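Here is a short report on the model shown below.

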Amino acid sequence: MKNAKAFLIGGSNCAENHVMAIKWIQKAQANGAKVIHVDPRFTRTSSIADIYARIRPGTDIAYLGAIISYIIENKLYDEQYLRAHTNALYLMKPEFAFNDGLFSGFDPETHKYENSSWGYQLDEVSKTPLKATSFDDPNCVFAKLKAHYSRYTPEVASQITGIPAEQIRLIAETFAKNRPGTILYALGMTQHTTGAQGIRCYGIIQFLLGNIGKPGGGVNALRGEPNVQGACDMSVLYTYFAGYTSQPDHNLPTLHDYAKKHGTFRAKFVLNALKAWFGNAATAENDFGYGWLMRKNATKNYSILNMLESAALKGDLKLLYILGQNPMVTNPNLNLVHETLSQIEMIVVEELWDTETASFWQRPGTDPKSIKTEVLLLPAAYFMEKEGSITNSGRMVQWRYAGVKPPGEAKSDLEIIDLLYKKIRDLYKDSTEEKDQIFKRAVWDYDSPNMAEAVLKEINGTNLKTGEMIGGIGELQADGSTSSGNWIYAGIFKNGINLSKRRDNKTDPSGLGLFPNFAWSWPGNMRIIYNRASCDETGKPFDPKNALIWWDADKGRWTGWDVPDVPSLTDGPETENGQRAFRMTAEGVGRMVAIPYYHPDPKVEGMPRDKSSLLSDGPIPEFYEPVESPVKNLLHPKVQVNPCLKYPRLPDKQPIGTADKYPYVLCTASLAEHWCAGSTTRNVTWLNELVPEPFVEIPPKLAKKLGVKSGEKVRVWSARGEVVVKAVVTNRMQPLKVCGREVTTVWMPYNWGYKGLSKGPSTNVITIDAADPNVWCQESKACLVNLEKATSGESKG
Amino acid sequence: MSNAFLIDTTYCIGCRSCQVTCKQWNELRAEHTEMSELGLQNPATLSAKTFTMITFHEIPDAEKPGGMKYVFAKLQCMHCNEPACVSACPVTALYKTESGAVIYDADKCIGCRYCMWACPFGAPTADWDSLAPKIHKCDLCFDRLQEPLPVERNRKPLSPDSAEREAQALAEPACVKQCPTEALKFGKREDVLAEAKARIKANPERYIDHIYGEKEAGGTAVLYLASVPFSEIGLPDVGNESYPAHSIPALTAVPPAVAILGGVLGMTYSLKKRKEEVAKTEVASDKTHGPGFATLKTKLFTPATILLGILALLAGVAMVARFALGLGGSTNLSDTYAWGLWIVFDLVWIAVAGGAFATAGLIYVFHRKELYSIGRGAVLMGLLSYSFVMVTLVADLGLPWHFWQLGVQAPEHSAMFEVSWCVGLYVTILFAEFMPVVLERLDSRRGIELWTKWAPIYVIVAVSLFVYLMSRDLIWTAIAFVVFAVMAFAFRRKEGSKPVPIMLAIAAVTFSTMHQSSLGSLFLLMPDKLDPLWWSPIIPVNFFLSSIAAGLSLVILMEMWIAKSFGRATKIEQLASLARTTFIALLIYQVVRLGDLALRGGFTAGLEGPNTVLFLIETLVGGLLALILLSSAKLRSNPGVLLAGALLCLGGIVLNRANVVLFAMDLKGPIPQTLPSAYSPSLVEWAVSIGLISATILLFKIGAMLTPVLAKETD
């Protein structure tokens with residue numbers, strides 16, 4: 001980040017929640033970089049910003065669309081980059097359309113798109129997309145984007161977001177003219193019913209400006225937990241299998257079916273994972289044990305919201321095993337969460353503390369006798385008490401050692417799962433049922449003095465012929481001769497050395513801060529992913545002063561300071577592989593619009609090599625209001641909210657508040673001083689001293705109207721629930737002019753609950769449990785509430 | 001080579017990791033806090049549990065993004081180059097190390113809390129929760145330097161690289177190590193200062209052109225850069241002068257002053273004596289000395305004495321409560337009001353007990369023989385008063401059992417040290433002065449002889465010891481020794497003459513002059529807090545002069561009280577004579593005080609401050625009106641007028657002391673000095689103070705009944 005010339009921080013309060021990021025932002029700032037912060041509230045991050053824009057929660061796509069439009073209209077884009085590394089010139093099907101807030105193919109019954117009209121015009125023979133020669137071709141992606149965003153003038157965006165039109169122009173101007181620029185976001189961007197599309201806007205802006213693959217460019221997702229990146233890599237996301245391959249589901253009974261659906265490239269890695277898990281038991285004859293895997297029901301959604309609601313509605317969730325999460329604080333609409341947990345027969349919680357979830361039956365106002373759920377609390381070890389790897393947002397994997405032993409009977413998650421698995425395996429040892437084969441076949445041999453490293457070795461993988469550790473992704477084979485538990489980590493244990501333990505923070509020949517011998521980054525120790533895009537078509541760096549990689553014609557290979565992100569080091573710019581800067585997409589280039597496409601596998605007849613992933617709610621980001629919004633959708637009043645959204649899912653339990661009863665917008669977030677559910681931090685008295693209780697930040701104007709001062713209690717309630725917390729009146733909060741009227745946003749931290757040393761009402765009692773239709777991220781950042789000065793001290797939450 | 005750290009508030013993002021890390025490294029408990037009008041800032045100020053903290057400031061600025069500057073300032077001890085706290089400490093419990101840190105040694109501390117008052121930043125704080133409150137503040141993590149380096153990590157020996165990193169980490173304060181931004185930098189003061197200057201130069205629009213701490217309070221080891229005036233982020237305007245510089249001249253003057261004053265008093269005595277011898281007016285001392293003394297014959301138990309006894313008993317109970325509950329638990333003292341009612345009483349008491357030295361001086365040095373008959377009473381009153389001041393101090397000190405540290409530590413220029421020793425030695429002198437009364441009562445000739453022989457020698461030893469302790473200089477000690485030895489020799493008792501305690505009287509006056517003035521010197525360190533109508537570089541002189549007027553007034557009042565309550569005749573002539581001296585003392589005091597104030601331009605600012613009324617009461621009622629009432633012999637001879645005059649004079653000076661300690665003090669508490677300052681003494685405080693005064697009066701009566709203190713009634 002220190003190489004960036006501009007920062008757009010939108011949906012992140014990094015000074016408070018990702019403090020270390022600020023170090024590098026300030027270093028860049030000292031070299032003249034401009035910092036833009038867009039946020040509903042003026043935060044500690046805003047304090048260092050060169051431009052601060054106050055925005056109404058949930059309207060990011062409106063101003064980002066205006067920025068996209070501004071860049072296009074004023075020709076601020078990087079044409080060479082667009083031509084070389086994006087699908088800007090790809091021709092879309094002429095039948096693709098967007099009218100009145102809906103893309104072509106929308107089915108109002110199912111709230112789903114039938115996306116056959118969204119694709120590319122394909123070459124009859126090669127089945128590859130046809131390309132236009134000019135950006136003016138009305139069917140090319142670029143022209144479609146231009147047309148789509150022509151509605152997003154700064155004035156319109158200003159009406160929606162509350163950001164002055166001039167400031168939107170200034171932001172666009174500043175970010176476009178100071179390149180490379182980078183974008184930082186966190187949950188402020190994702191916890192919306194349009195979250196995924198908002199991030200797509202960031203991608204589009206960065207493609208337009210040629211800011212991806214370069215030092216100082218990119219889109220930085222600032223992740224919420226220290227190892228959430230690592231957890232996602234290992235498929236904690238319910239849609240993904242290890243290494244972001246898709247989950248097998250019941251429609252894909254064989255590996256071949258899987259390959260046909262998801263491409264041969266990814267199927268290879270599933271195969272390698274199967275080899276890692278089943279060892280010799282996985283053979284070509286038995287489809288490498290693919291059939292033993294538990295497959296998802298393709299018709300079901302496995303997000304936590306759906307799982308819990310399924311428990312409440314159908315009672316088909318018998319046992320819930322929760323680790324590293326405290327949904328009784330962090331999930332929205334907590335009254336419903338409590339109701340659903342009460343329907344589950346047994347809940348196992350692996351935790352450091354007795355949390356609100358582990359003791360949900362003790363919730364104030366609940367009669368424990370009325371709850372039949374059996375809860376087991378397993379004492380887990382803190383991160384400083386266990387050894388293992390941790391992966392940061394930059395994909396860097398660093399090994400951590402145990403600092404101290406866990407207290408009492410507490411054990412690391414790994415030990416607990418190991419013990420549990422062995423016990424379960426024993427229970428199934430006599431079963432002959434097919435569904436239980438997984439227990440009999442799986443290799444489970446981590447009984448080494450260093451269990452965590454044994455697991456990492458399995459993740460890295462082995463060449464089963466030579467017995468040597470896999471040295472990189474390129475060594476993985478599709479014939480069962482290699483194994484790798486998670487292909488993107490292949491090479492971390494190259495030559496039997498745990499590279500994540502490396503700590504050379506001095507060697508940086510590039511001067512760009514790459515430090516190639518410090519720890520290890522996936523894939524293949526690459527520091528800046530998509531770095532092929534830092535070079536032009538001929539393989540020469542766009543910016544020779546900040547060269548990352550280049551094509552060395554003399555040696556006939558890609559080389560440079562970083563590990564080149566190319567399919568093959570020896571396939572030069574003249575080859576197809578030499579131009580696949582975004583090789584993980586089916587197109588091989590950056591996708592300005594995300595539409596269906598299968599890239600044929602040149603080696604396997606009739607099979608796709610890659611499939612482009614899609615968002616369900618449209619190929620181009622479009623602005624929709626949050627479910628609870630104080631105003632009508634200015635762009636298309638008939639399509640107020642994301643059309644693919646199904647909400648309420650449980651009409652009697654998910655009421656939608658309206659602006660006449662709930663005139664204020666509530667935005668929620670975490671604090672520098674408390675982390676997530678606060679389970680740990682609220683048990684640290686030093687942190688409780690800093691922020692001892694939950695509160696609501698309100699602008700002075702509203703405070704005056706309510707007749708409250710800082711430190712006095714306020715009742716905050718929504719259609720779902722209410723809390724009573726203290727008010728903090730601050731000029732950092734200000735009302736906005738939106739669609740011709742004044743809209744006031746208030747803000748609350750969500751980190752409290754009824755357990756721990758610092759207790760307080762949970763803000764999520766009032767938040768809405770609508771969720772993004774793609775990833776089911778909850779809309780915690782925008783809902784409607786009302787406020788009044790509290791007469792009694794206690795809240796019902 | 002002195003270290004310093006730079007706090008560049010423009011880089012600070014208010015993450016407060018410094019605040020938490022500080023607590024972690026120093027193992028400090030958390031404070032109980034609430035969300036308040038301070039917004040995210042918590043706690044409100046530094047305290048014994050919080051050595052460093054971030055203050056949050058929302059400063060409107062239309063030019064800036066969002067219409068404001070959101071500024072975060074890290075506060076902690078400033079580690080002054082010339083620290084007021086170190087200068088204040090009587091036992092060197094606080095000291096400045098060569099590395100630049102001002103650190104604290106609890107094993108030495110007596111808990112006087114003078115440092116808390118002296119510090120212009122309010123950095124030293126006390127742990128009031130503790131039964132024995134110690135001082136707490138940032139020590140620049142000097143203990144990190146003493147931390148042994150780890151030799152292995154992850155079961156492997158530490159690599160040279162890691163060892164170096166480890167050593168570097170331990171070479172800077174925990175807060176600096178933890179800071180994720182460029183906000184905190186630690187290094188040699190010159191380097192850090194140079195960096196601060198370079199930052200301003202490189203980015204002049206980012207900063208205001210001022211490095212706070214470069215010159216403030218004579219320079220500090222904490223240097224600040226900011227984009228807004230420092231007054232807006234909780235950093236007080238403390239001026240550029242070193243605080244100890246205000247008190248050093250007064251205190252370095254003590255050793256020579258002892259020798260000179262002793263000599264002057266001796267010479268005065270000789271001259272007066274010679275005059276008397278030349279005039280041959282000397283008659284038998286018995287006659288000169290009046291009718292002699294007798295024990296008071298009266299009933300001990302009267303309603304008044306019973307009440308006094310009950311109050312005294314309550315003081316005893318309160319003292320028990322004080323130690324059972326601790327200082328914090330039994331008093332309403334706080335980090336803002338580290339000193340309270342007890343110190344007011346101490347100062348008042350010592351001032352009014354000045355009657356003992358003043359009368360002794362008048363009688364023996366100035367040969368005011370007509371006052372001889374009231375001398376013993378004045379001495380007993382002084383002895384009792386000072387003794388109970390000592391008792392109050394035992395209650396007031398946080399760690400009284402460390403008092404012996406006063407004997408083994410050598411602070412350079414601490415007014416508190418001076419006062420402690422001087423008062424302590426003076427009590428022994430008072431005791432020695434009172435000895436003959438007891439011996440006379442016991443009819444011990446042998447005792448009187450021993451006393452006659454040893455008292456002058458004790459004086460020489462006491463004075464020499466005192467001078468040595470104050471100067472740590474053998475030459476000054478030798479000079480004082482010689483001066484007093486010569487006097488002792490010159491004034492030795494001639495064969496056949498009655499013993500005259502002239503050496504004790506000279507010592508009494510000398511010691512009293514020193515500590516009465518040094519009590520004023522205590523406040524020289526507080527020009528930032530004490531209203532300029534009271535603060536003056538010559539406040540020691542004011543204190544000394546006023547103590548004479550107050551002391552003599554009290555003697556007058558005491559004599560009138562004795563006469564009234566024990567049905568004795570009022571010796572109006574004698575008292576009028578004393579009142580004349582009182583008038584002169586008061587006049588000199590007022591002229592000096594007001595003259596000094598006028599010369600320093602104290603009036604040009606106008607009398608508009610909040611404390612003007614108090615000042616006017618002091619000077620007009622306690623000063624001018626008292627002077628008028630005592631101005632002529634006729635008025636002085638009228639008992640009513642005399643009573644009123646003495647009362648006003650005394651009252652004015654009592655008010656003066658209360659003003660100096662409490663009312664005219666603008667106490668701001670620990671930085672950021674935002675706490676409302678409020679103090680009302682607790683029941684225990686009142687009980688101790690009032691009870692001990694009652695005990696003084698009661699014991700005076702008992703003393704007068706048991707020993708020949710009061711003059712024989714001449715029928």
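B:Tyr114 is in contact (heavy atoms within 4.5 Å) with B:Ala88, B:Trp339, B:Ala415, B:Met416, B:Ser521, B:Leu522, B:Phe523, B:Leu525 and B:Met526, leaving aside its neighbours within four places in sequence. This is a predicted model: local features need pLDDT of at least 70, side-chain atom pairs count only at pLDDT 80 or more, and totals for chains, interfaces and linings use all residues. Residues are numbered from 1 along each chain as its sequence is written, chains are lettered from A and ligands numbered from 1 in the order in which they are written, and side-chain values use heavy atoms, with hydrogens and water left out.

## Nonpolar cores

The largest nonpolar core holds 244 residues. Such a core is a set of buried Ala, Val, Leu, Ile, Met, Phe, Trp, Tyr and Cys residues joined through side-chain atoms within 4.5 Å. Buried means under 20% relative accessible area, exposed over 50%, partly exposed in between (1.4 Å probe, protein chains only). B:Tyr114, B:Phe466, B:Phe511 and B:Phe523 touch the most other members. Helix 16 (residues 415-442) of chain B gives the most to this core, with 16 residues. Another core lies apart from it, with 77 residues, among them A:Leu8, A:Ile61, A:Ile595 and A:Ile620.

In soluble globular proteins, nonpolar side chains tend to be buried together.

## Chain B overall

Chain B has 25 helices and 13 strands. Both are DSSP runs, numbered from the N terminus: helices are H or I with at least four residues, strands E with at least two. Of its 715 residues, 59% count as buried. Among contacts in chain B between residues at least 6 apart in sequence, 75% join residues at least 24 apart. The C-alpha atoms fill a box of roughly 95 × 55 × 45 Å, taken along the principal axes.

Most residues other than glycine have a negative phi, and most peptide bonds are trans. Two peptide bonds in chain A are cis: A:Arg179 to A:Pro180, with omega near -5°, and A:Tyr647 to A:Pro648, with omega near 0°. A:Pro180 sits in the loop between helix 7 (165-177) and strand 8 (181-185).

B:Leu140 has a positive phi, near 55°. B:Leu140 is buried, with a relative accessible area of 6%. A:Asn525 has a positive phi of about 70°. A:Asn525 is also buried, at 12%.
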